[in-house]
Amino acid sequence: MARLKKEDPRAFNELLRDIKQKINFEYSLSDYIEFSDAQREAYTSIGGLPDLDGDYTVFGEVVEGFDVIDKIAALKRDENDRPFTDVVIKVEEIMQ
């Protein structure tokens, strides 16, 4: 890391932020959440983000247009992981 800091300070800072984020995530979850075997199985087989559970609501499902998701994910982001340009999502409600 010392060599990276000398050779590429930006890459060093990016790595440092990534490590810090992972440490904060692990410690913040372990302080108040205990997962059952069934929950662990669901997160590893179905997916999800346990750090968002209880704080955020799923409000839709992507059934087509995954290429658009890839384009959004590829946008350049700031140090807070927010895209430099806002992404506007138009929602269409389908009644069946």
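**Salt bridges, pockets and surface**

Q: Is Asp86 buried or exposed?
A: This is a predicted model, so the value here is computed from its atoms. The relative accessibility of Asp86 comes to 61%. Exposed means over 50%, so with 61% Asp86 counts as exposed.

Q: Which residue does Asp86 meet in a salt bridge?
A: Side chains of opposite charge can pair when their charged atoms come close. For Asp86, the N to O distance in the pair is 2.8 Å.

Q: What is the phi of Asp81?
A: Asp81 lies in the segment after H4. Although Asp81 is not a glycine, its phi is positive. The value is about 65 degrees.

Q: By how much of a helical turn are Lys22 and Asp18 separated?
A: Lys22 is exposed at 51% relative accessibility, while Asp18 is partly exposed at 32%. Because the two residues are 4 residues apart in helix H2, the separation is about one helical turn.

Q: How much space lies in the largest pocket?
A: Rolling a probe the size of a water molecule over the atoms shows where empty space is left. For the largest pocket, that space is about 1200 Å³.

Q: Which residues that line the largest pocket are the closest to its centre?
A: The lining of this pocket is made by 23 residues. By class, the lining has 15 nonpolar, 3 polar and 5 charged residues. The closest to the centre are Phe59, Glu61, Val62, Ile69 and Ile89.

Q: Which element gives the most to the lining of the largest pocket?
A: Two elements give two or more residues to this lining: helix H2 (9–32) and helix H4 (66–73). The top contribution is 3 residues. The element that gives the most is H4.

Q: Is Ile89 buried or exposed?
A: Ile89 is found in the segment after H4, and its C-alpha atom is separated by 15 Å from that of Leu75, 14 residues apart along the chain. Its relative accessibility is 60%. Exposed means over 50%, so Ile89 counts as exposed.

Q: How many charged residues are in the lining of the second largest pocket?
A: About 460 Å³ of space lies in the second largest pocket. Among the residues that line it are Glu14, Arg17, Asp18, Lys76, Arg77 and Asp81. The lining has 1 nonpolar and 3 polar residues. Its charged residues number 8.

Q: What accessible area do Met1, Leu15, Leu16, Ile19 and Ile23 have together?
A: These five residues form a nonpolar patch on the surface. One of them, Ile19, is found in helix H2 and counts as partly exposed at 33% relative accessibility. Together, the residues of the patch have an accessible area of about 410 Å².

Conventions:
Residues numbered from 1 in each chain as written. Predicted model: local features only at pLDDT ≥ 70, side-chain atom pairs only at ≥ 80, totals over all residues. Heavy atoms only, no water. 1 Å grid on protein atoms, 1.4 Å probe; cavity = no way out; pocket = protein on both sides within 12 Å on 5 of 7 lines; lining within 4 Å. Points joined across faces, edges and corners; volume = space filled by probe spheres on them. Nonpolar A, V, L, I, M, F, W, Y, C, P; charged D, E, K, R; others polar. Patch = residues over 30% accessible without salt bridge, like charges linked within 9 Å, V, L, I, M, F, W, Y side chains within 5 Å. Areas by Shrake-Rupley, 256 points an atom, 1.4 Å probe, with all protein chains shown as cover. Salt bridge = Lys/Arg side-chain N within 4 Å of Asp/Glu carboxyl O. Buried < 20%, exposed > 50% of the residue type's maximum accessible area, 1.4 Å probe, protein only.
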